[in-house]
Amino acid sequence: MAGQELENENDRGLLAGMRAGSDDAFSVLLERHTNRYYSLAFRYLADKNEAEDVVQDCFIKIWVNPTLWKEDRNSSFKTWFYTIVINACMDRNRKRRTFPLPVGFDRDDGQAPIDTRMNKRQEKTILEYEIARLPYRQRTALNLCFYEELSNKDAAEIMGLNIKALQSLLMRAKTTLKKKMTIRNVEAI
Amino acid sequence: MTYNDDNFDNFLRTRSFTPARQDLASYILRNAQMVDPKKRLSVFDILRNIFREFNLPEPAYVLSFLLLLGFLTGIGLQSLHQKDNYNSYDIYNTVTIQNYLHAGENVL
């Protein structure tokens with residue numbers, strides 16, 4: 001198949017090409033989707049190198065075995081691959097070190113430090129820390145809907161929920177974060 | 001401290017983000033091409049695919065492993081037992097024949 005034709009091909013067609021051993025089909029799939037999955041992986045891992053590694057591992061799995069995605073599945077390749085990346089990120093998070101906090105911020109009591117005035121960098125670190133401490137489903141809802149700006153329908157499909165349950169998770173995630181950040185005296189809010 | 005939703009959403013949007021390397025897609029492609037298609041799947045990958053195919057939960061891995069371990073242990077013990085029996089029988093026969101031959105020689 002010529003390059004231009006491949007670029008117009010949908011994901012299903014590209015995966016069929018990969019099953020036939022086409023490097024070009026895989027290349028087009030990568031160009032099409034790499035950044036979106038990297039972006040999501042970064043939201044979970046907060047580390048450029050680790051996020052790139054995870055995305056690479058996931059894509060190599062599908063390259064090695066394109067039949068992992070079944071054509072007769074109800075979900076699209078894009079939706080299905082989001083779940084693959086999320087699971088890989090969660091696996092990676094289980095193995096890695098704990099998230100570092102700025103000096104003076106006690107991890108356990110959640111109270112503000114003696115010097116309550118935080119700089120922007122500290123605020124971002126605290127935000128990242130508190131997001132990482134959210135329950136898995138709340139964090140995923142926040143990452144997919146708020147940061148990746150997926151539609152509720154797509155996010156609900158990825159998480160295997162109905163839309164109301166997804167909205168509820170998203171609201172709970174934001175409420176929890178607001179409480180945590182208020183306790184820590186984050187001035188930006 | 002009080003807050004409103006818009007402020008908080010704006011605050012959430014300040015979350016750090018580092019873009020990926022420019023050539024991430026081609027970098028992944030290069031690395032993928034180094035994977036030999038003939039050696040693509042390890043035994044573990046094949047097993048994992050089977051589990052994924054049947055949507056088995058994680059404990060199924062442990063149960064299957066224990067079952068396989070028990071099966072192999074059973075076969076191992078059985079063959080060891082048979083081997084021991086064979087050896088003692090073999091030694092017994094050898095001794096008996098030697099005794100017989102030795103006795104025969106004396107007579108001659």
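The expected span of a helix is 1.5 Å times one less than its number of residues. The views below show a predicted model.

**View 1. Helix H5 of chain A and its span.** Helix H5 of chain A runs over residues 77-95 and has 19 residues. From its first C-alpha to its last, helix H5 reaches 27 Å, close to the 27 Å expected at 1.5 Å a residue.

**View 2. The buried residues of H5(A) and the helices around them.** Several residues of H5(A) are buried, among them A:Phe77, A:Trp80, A:Phe81 and A:Tyr82. Further along H5(A), A:Val85, A:Ile86, A:Ala88, A:Cys89 and A:Met90 are also buried. The buried residues of H5(A) pack against helices of chain A: H2 (11-19), H3 (23-45), H4 (48-64), H7 (136-147) and H8 (152-159).

View 3. A:Gln56 lies in helix H4 of chain A, one of the helices that the buried residues of H5(A) pack against. The relative accessibility of A:Gln56 is 12%; because buried means under 20%, A:Gln56 counts as buried. Not counting residues up to four places away in sequence, A:Gln56 touches B:Tyr27, B:Ile28 and B:Asn31.

**View 4. A:Ala173 in helix H9.** Helix H9 of chain A (residues 163-183) contains A:Ala173. With a relative accessible area of 0%, A:Ala173 is buried. Leaving aside neighbours within four places in sequence, A:Ala173 is in contact with A:Leu134, A:Gln138 and A:Leu142. A:Pro135 is 38 residues from A:Ala173 along the chain, and the C-alpha atoms of the two are separated by 8.3 Å.

Definitions and conventions. Residues numbered from 1 in each chain as written. Chains lettered and ligands numbered in written order. Predicted model: local features only at pLDDT ≥ 70, side-chain atom pairs only at ≥ 80, totals over all residues. Heavy atoms only, no water. Helix = DSSP H or I, 4+ residues; strand = E, 2+ residues; numbered from the N terminus. Buried < 20%, exposed > 50% of the residue type's maximum accessible area, 1.4 Å probe, protein only. Contact = heavy atoms within 4.5 Å.
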